[in-house]
Amino acid sequence: MERLYIDCREFPSDMKCTVAIAADNEKELVDAAVLHAVAVHGHHDTPEFRVEIRKAIHKGNPPASVAA
């Protein structure tokens, strides 16, 4: 099974968040990413936001750096 991840570095912000979250399944990853986004970035947990989170999922492991 291939890992899935979401990387905050892909979404530049004033906070310059460097968190990357990985999981073995989409539900677990989306749940963790939404918790992070709500607690740290002030987003609201809505069905529409979860759709956007799913669009940011990648297969594999987060890279050591991301393109600027």
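In which helix does Ile 53 lie? I found Ile 53 in helix α2, where helices (H or I, at least four residues) and strands (E, at least two) are DSSP runs numbered from the N terminus.

Before going on, I noted that this is a predicted model, in which local features need pLDDT of at least 70 and side-chain atom pairs count only at pLDDT 80 or more, while totals for chains, interfaces and linings use all residues. Residues are numbered from 1 along each chain as its sequence is written, and side-chain values use heavy atoms, with hydrogens and water left out.

**Ile 53.** Leaving aside residues up to four places away in sequence, Ile 53 touches Ile 6, Val 30, Ala 33 and Val 34, a contact being heavy atoms within 4.5 Å. I also checked Asp 14, which is 39 residues from Ile 53 in sequence and 19 Å from it in space, C-alpha to C-alpha.

**The core.** I then turned to the largest nonpolar core, which has 13 residues, and those with the most contacts inside it are Ile 6, Leu 29, Ile 53 and Ile 57. Such a core is a set of buried Ala, Val, Leu, Ile, Met, Phe, Trp, Tyr and Cys residues joined through side-chain atoms within 4.5 Å. Two or more residues each come from β1, β2, α1 (26-41) and α2 (47-55), and α1 gives the largest share, five residues. For Ile 6, again not counting residues up to four places away in sequence, I listed contacts including Val 19, Leu 29, Ala 33, Ile 53 and Ile 57.

**The whole chain.** I counted two helices and three strands, which run β-β-α-α-β from the N terminus on. The radius of gyration is 11 Å, close to the 11 Å that the globule rule gives for 68 residues, so the protein is as compact as a globular protein of that length; the radius is taken over C-alpha atoms, and the rule is 2.2 Å times the number of residues to the power 0.38. Buried residues make up 28% of the 68 residues.

**Lys 16.** Lastly I looked at Lys 16, which sits in the loop between β1 (4-7) and β2 (20-23) and is exposed, with a relative accessible area of 64%. Its phi is near 50°, a positive value in a residue other than glycine. Most residues other than glycine have a negative phi.

Conventions: Buried means under 20% relative accessible area, exposed over 50%, partly exposed in between (1.4 Å probe, protein chains only).
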